[in-house]
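Let's take a walk through this structure together. Please keep the sequence and the 3D view open as you read.

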Amino acid sequence: MYISELFDQKKAVISFEIFPPKQTSSIVTIYETIDALAPLRPDYISVTYGAGGSTSKTTLEIASIIKNKYRINALAHLTCFNSSREDIDKMLTDLEKENIANVLALRGDRPRTWKAGEEKESDFKYAADLAKFISSKHKFCLGGACYPEGHPECSDLDRDVENLKRKEEAGVDFLITQLFFDNEKYYRFKEKADKSGIKIPIQAGIMPITNRKQVERMIELSNATIPHKLVRILDKFEHNQQAIRDAGIAYATEQIIELLANEIRGIHIYTMNKPQIAKDLVRNLDSILYALNN
Ligand code: FAD
């Protein structure tokens with residue numbers, strides 16, 4: 001099923017993101033994760049794509065299991081950095097063979113560990129170029145990434161939103177945000193997106209925090225700011241693993257309830273492959289989601 005159809009049918013689309021296990025871990029670990037997530041009945045599960053195409057086979061394999069074994073809609077992430085048109089065409093054909101109807105079209109980044117000259121010439125500069133290529137040749141429902149606090153390479157949020165509009169024009173059907181901890185940042189960004197004429201649904205990416213190190217790494221990667229109230233929670237409870245985990249789930253729950261009360265079109269939960277966190281969070285939202293969709 002196309003994810004765009006879910007947005008047509010539901011008040012709010014709820015999804016999970018998982019990533020392929022590290023090469024040193026067994027692929028079986030991810031099946032245990034999906035096994036635990038499936039009973040939560042997400043609208044879809046997305047699978048990330050390793051930097052520079054490093055996980056293309058496993059991303060395909062995991063997306064196929066989600067779709068064909070668990071009968072849950074799958075969204076396969078796909079990056080175009082370091083890729084030729086032929087590489088992308090091959091991946092898309094493989095996804096079609098596995099009956100996967102949804103692709104998150106991304107540019108990706110140059111892996112930090114790569115040495116100069118390690119990458120090959122890419123046929124695509126931006127994610128919008130990839131989306132245009134896919135929609136001209138294939139029939140996928142396309143997602144795209146967006147950044148409520150601006151993409152790290154673009155210092156001006158207005159310009160970043162202008163660039164985002166190009167994704168919609170290139171055939172992207174819905175957007176998923178980078179994680180954020182301050183809903184006001186999302187509302188400000190959404191207002192700019194509305195003003196620029198972006199009409200496609202924007203799902204909010206939410207990550208429940210489970211420890212301070214994780215938060216610090218995420219800020220480094222994503223540019224997300226941490227509101228004072230979250231800093232105070234981290235300062236007060238970081239010494240106790242259970243307390244910080246519970247506080248993180250409570251914080252994410254509050255964030256999501258407020259977003260849902262403000263007519264957001266969906267929530268994408270970054271599970272970090274920790275299904276118990278997703279379980280606890282979804283349990284907190286049970287009656288909220290029921291009330292919303294009934
Ligand atoms: P783009 O949309 O191409 O934007 C990149 C930069 O170029 C931005 O600063 C933008 O403003 C600018 N830009 C765009 N178009 C133009 C233009 N025409 N002219 C000038 N400037 C322009 N990475 C992975 O490797 N694997 C994953 O699975 C993955 N999943 C992700 C999922 C989500 C929901 C998000 C938010 C990010 C994900 N990423 C993933 C990270 C992503 O690849 C990086 O953030 C990357 O730096 C940008 O990708 P993009 O698709 O947003 O790029």
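The paragraphs below start with the strands, move on to the helices, and end with a few loop residues.

First, some ground rules: this is a predicted model, in which local features need pLDDT of at least 70 and side-chain atom pairs count only at pLDDT 80 or more, while totals for chains, interfaces and linings use all residues. Residues are numbered from 1 along each chain as its sequence is written, and side-chain values use heavy atoms, with hydrogens and water left out.

Begin with the barrel. Eight strands form a closed barrel in the order S1-S2-S3-S4-S5-S6-S7-S8, with parallel pairing. From one strand to the next, the twist averages 25°. Helices (H or I, at least four residues) and strands (E, at least two) are DSSP runs numbered from the N terminus, and two strands count as paired if DSSP finds at least two bridges between them. As a reminder, strands of a sheet pair through backbone hydrogen bonds, either parallel or antiparallel.

Now look at individual pairs. Strand S1 (residues 13-18) pairs with strand S2 (residues 44-47) in the parallel sense over four bridges, and Ser15 has Tyr44 in S2 as its bridge partner. S3 and S4 are joined in the parallel sense over five bridges; here Leu75 stands opposite Asn102 in S4. S5 and S6 also pair in the parallel sense, over four bridges, with Cys146 opposite Thr177 in S6.

How many of the five residues of strand S4 (residues 102-106) are buried? Five of the five are, so S4 is largely enclosed by the rest of the structure. Buried here means under 20% relative accessible area, exposed over 50%, and partly exposed in between (1.4 Å probe, protein chains only). In a regular strand the side chains alternate between the two faces of the sheet. In S4, Asn102, Leu104 and Leu106 lie on one side and Val103 and Ala105 on the other, with both faces covered. S6 is likewise covered on both faces: Phe174 and Ile176 on one side and Leu175 and Thr177 on the other are all buried.

Turn next to the helices. Helix H7 (residues 183-195) lies across strand S5 (141-146), strand S6 (174-177) and strand S7 (202-206), and runs at about 160° to S7. Axes are lines fitted to C-alpha atoms, for helices over the stretch in contact, and angles run from 0 to 180 degrees between N-to-C directions.

H7 also meets helix H6 (residues 157-169): their axes come within 10 Å and cross at roughly 55°. That angle makes H6 oblique to H7, given that angles under 35 degrees count as roughly parallel, over 145 as roughly antiparallel, 65 to 115 as roughly perpendicular and the rest as oblique. In this contact (heavy atoms within 4.5 Å), Leu157, Asp158, Val161 and Leu164 of H6 meet Arg188, Phe189, Lys192 and Ala193 of H7. By class, the contact has five nonpolar, no polar and three charged residues. In this scheme Ala, Val, Leu, Ile, Met, Phe, Trp, Tyr, Cys and Pro count as nonpolar, Asp, Glu, Lys and Arg as charged, and the others, Gly among them, as polar.

Helix H11 (residues 275-293) packs against helix H2 (residues 28-37) at an angle of about 10°, with the axes 9 Å apart. H2 and H11 are therefore roughly parallel to each other. Thr33, Ala36 and Leu37 of H2 make this contact with Pro275, Ala278 and Lys279 of H11, a group that divides into four nonpolar, one polar and one charged.

H11 packs with helix H10 (residues 241-261) as well, at about 25° and with axes 10 Å apart. This pair, H10 and H11, is therefore also roughly parallel. Their contact includes Ile249, Ile256 and Leu260 of H10 and Leu281, Leu285 and Ile288 of H11. By class, the H10 contact with H11 has 11 nonpolar, three polar and two charged residues.

Asn273, between strand S8 (266-270) and H11, has a positive phi near 60° although it is a residue other than glycine. Is Asn273 buried or exposed? At 18% relative accessibility, Asn273 counts as buried. Asn99, in the loop between helix H4 (85-97) and S4, is not a glycine either and has a positive phi of about 70°; its relative accessible area of 47% makes Asn99 partly exposed. Arg71 sits in the loop between helix H3 (56-69) and strand S3 (73-79) and, at 67% relative accessibility, counts as exposed.
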